[in-house]
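Subject: A structure for you to look at

Hello,

Here is the structure I promised to hand over. Please have a look at it first, and then read on for what I found in it.

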Amino acid sequence: MISNDHINKLLERIGKLKTYLEIDKKLIEISNEEEKISNPNFWDNPKEAELVMRELRSKKKWVEDFEILVTHSEEVSILFDFYAEG
């Protein structure tokens, strides 16, 4: 059976995963790359632009998947609280 201790360990592991995956760094890089994309001269070099877009999609995917994980863990925590209260 799941206990509050299990939930706390899960949240702790998710925090460590955030550090390991460098989510905050990826968010900053996403912001910087989106600024590059908004430059009208961005598409002047299509090969370089394609590489930037590929990297941007990859970083966004990592961040989105991590955010889904956080959302689900919060939902599990809330459901456990409801269960504990009966």
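Let me begin with glutamate 22, which counts as partly exposed because its relative accessibility is 41% (buried means under 20% relative accessible area, exposed over 50%, and partly exposed in between, with a 1.4 Å probe and protein chains only). Glutamate 22 sits in the loop between helix 1 and helix 2, the latter covering residues 23-38; helices are DSSP runs of H or I with at least four residues, numbered from the N terminus. Its phi is near 55 degrees, a positive value in a residue other than glycine. Most residues other than glycine have a negative phi.

Before going further, please note that this is a predicted model, in which local features need pLDDT of at least 70, side-chain atom pairs count only at pLDDT 80 or more, and totals for chains, interfaces and linings use all residues. Residues are numbered from 1 along each chain as its sequence is written, and side-chain values use heavy atoms, with hydrogens and water left out.

Next, the start of the chain. Methionine 1 belongs to the segment before helix 1 (4-21). With a relative accessible area of 79%, methionine 1 is exposed. Apart from its neighbours within four places in sequence, methionine 1 is in contact with His6 and Tyr83, where contact means heavy atoms within 4.5 Å.

Alanine 49 is part of helix 3 (residues 46-85). Is alanine 49 buried or exposed? At 0% relative accessibility, alanine 49 counts as buried. Leaving aside neighbours within four places in sequence, alanine 49 touches Phe42 and Trp43, in the contact sense. Glutamate 85 is 36 residues from alanine 49 along the chain, and their C-alpha atoms are separated by 54 Å.

Finally, the helix packing. Helix 2 and helix 3 pack at an angle of about 140 degrees, and their axes are 10 Å apart; axes are lines fitted to C-alpha atoms, for helices over the stretch in contact, and angles run from 0 to 180 degrees between N-to-C directions. Among the residues making this contact are Ile23, Leu27 and Ile30 of helix 2 and Val52, Leu56 and Phe66 of helix 3.

Enjoy exploring it!

Best wishes

Definitions and conventions
Helix = DSSP H or I, 4+ residues; strand = E, 2+ residues; numbered from the N terminus.
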